[in-house]
Amino acid sequence: MKISVGVFFGGKSVEHEVSIISAIQAIHAFDRAKYEIVPIYVTKEGDLFVGNDLDKIEEYRDIPALLKKSRRVFLHREKDRSLLVRYPMKRFGGSVCAEIDVAFPITHGTNVEDGALQGYLKTLSVPFVGCDVTASAVGMDKYVMKALCKENGLPVLDCRRVYVKDYYGDRENAVARIESAMPYPVIVKPVNLGSSVGIGRAGDASELREAFEYAFQFTDTALAEPAISRLREINCAVLGDRESATASECEEPINSRAVLSYEDKYMSDGGSAKGMSAAKRKLPADIPPEVRQRVRGLAVETFRLLGCNGIARIDFLMGADSGDIWINEINTIPGSLSFYLWEPLGMSYTRLLDEAIRLAFKRRREESEISYSFDTNILAQFNAGSLKGAKLKGA
Ligand SMILES: Nc1ncnc2c1ncn2[C@@H]1O[C@H](COP(=O)(O)OP(=O)(O)O)[C@@H](O)[C@H]1O
Ligand SMILES: [Mg+2]
């Protein structure tokens with residue numbers, strides 16, 4: 001029997017479109033002798049759809065028309081089966097559209113990569129590929145991720161976090177706080193977005209205010225950190241889990257501007273639907289063997305520190321002159337799942353997907369050994385009378 005994989009993509013995220021590209025690439029790379037693929041498109045409103053045309057990129061030029069010929073469903077768990085059930089349900093049976101053995105989120109950004117979708121799947125007990133709730137949430141928040149790295153002695157740039165309310169409550173103070181912590185130029189970015197959305201660079205106080213105000217159009221929490229002037233960027237993916245993890249080849253993305261933009265990442269191929277795999281890069285990165293080894297080592301350490309699972313990509317900043325290396329961010333569901341970083345090491349996209357699914361089932365087996373009930377018999381002590389006004393110790 002084939003394993004049925006529900007590929008989730010889209011969702012309420014600014015990276016909705018990028019996710020469609022990543023997911024459709026993956027859908028065409030699965031080993032069809034082994035897997036049956038159920039594409040599950042999540043609209044920007046969060047509605048789930050299944051259908052025969054959801055795996056065709058050209059259909060997304062007209063999403064309303066695509067949805068018309070697709071079927072709206074909800075995910076339902078019945079005993080140990082994960083079912084996609086037609087919504088609204090038919091009155092007399094026949095409402096189950098598909099059944100999946102495992103969910104594979106190929107989603108980028110808020111609500112879908114940050115632990116929210118993962119929490120939804122976990123609540124329903126649907127096994128899923130990739131990072132669990134905590135690793136996804138920590139990985140999405142650039143500030144929390146850096147704090148965790150710093151606590152564990154991994155190299156990250158010093159940074160300050162600013163909440164939108166505090167900023168507009170006292171702009172002078174917010175700017176003064178950053179100025180006392182770091183020299184200009186400063187980079188301001190939303191803590192929880194990707195694809196270079198909302199990022200700005202400031203050389204003085206007025207540009208710093210502009211940068212915050214720009215970032216706050218997209219987020220309620222921003223981060224300021226020193227801008228690295230002569231910057232090189234190195235990315236490295238990791239595949240594995242807490243027990244064992246391996247690093248991919250390293251790439252050096254090539255940017256045409258000071259800040260690698262959304263266009264650099266996704267549109268450099270004239271808008272053809274190749275996602276991150278079409279971005280301009282040097283692969284392998286042109287770095288000495290000892291730098292490559294350090295980057296790959298740090299990538300695995302970061303992956304394991306966050307408790308990641310499946311495929312993640314860790315992005316580094318490197319001072320072109322100093323050679324200093326800092327962990328910049330982790331993408332717990334990287335664009336194009338970083339398949340192109342494994343090919344130079346002899347691992348095909350098909351095998352990469354296979355491994356990610358194997359790791360999901362491995363985690364499921366390990367979780368099933370954890371007990372979710374704790375026999376204390378506290379309910380036996382209660383009667384209706386004693387519940388009134390009773391306080392639960394430690395609750
Ligand atoms: N501290 C920094 N100094 C210089 N450039 C930076 C710095 N942080 C980010 N950038 C530039 O901005 C781009 C996007 O920032 P990043 O932190 O990777 O956010 P995103 O999640 O949007 O990719 C980076 O690829 C890099 O080009
Ligand atoms: Mg980045």
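Is Cys97 buried, exposed or partly exposed? Cys97 has 36% relative accessibility, so it counts as partly exposed; buried means under 20% relative accessible area, exposed over 50%, and partly exposed in between, with a 1.4 Å probe and protein chains only.

Some ground rules. This is a predicted model, where local features need pLDDT of at least 70, side-chain atom pairs count only at pLDDT 80 or more, and totals for chains, interfaces and linings use all residues. Residues are numbered from 1 along each chain as its sequence is written, chains are lettered from A and ligands numbered from 1 in the order in which they are written, and side-chain values use heavy atoms, with hydrogens and water left out.

Back to cysteines. The whole structure has zero disulfides, a disulfide being a pair of cysteine sulfur atoms within 2.5 Å. For Cys308, the nearest cysteine sulfur belongs to Cys131, 3.7 Å away, and Cys308 is in no disulfide. Cys308 counts as buried because its relative accessibility is 1%.

Next, the sheet. Strands are DSSP runs of E, at least two residues, numbered from the N terminus, and two of them pair if DSSP finds at least two bridges between them. Strand 14 is joined to strand 13 (residues 245-253) over two bridges, in the antiparallel sense. Pro253 has Arg281 of strand 14 as its bridge partner.

Conventions
Helix = DSSP H or I, 4+ residues; strand = E, 2+ residues; numbered from the N terminus.
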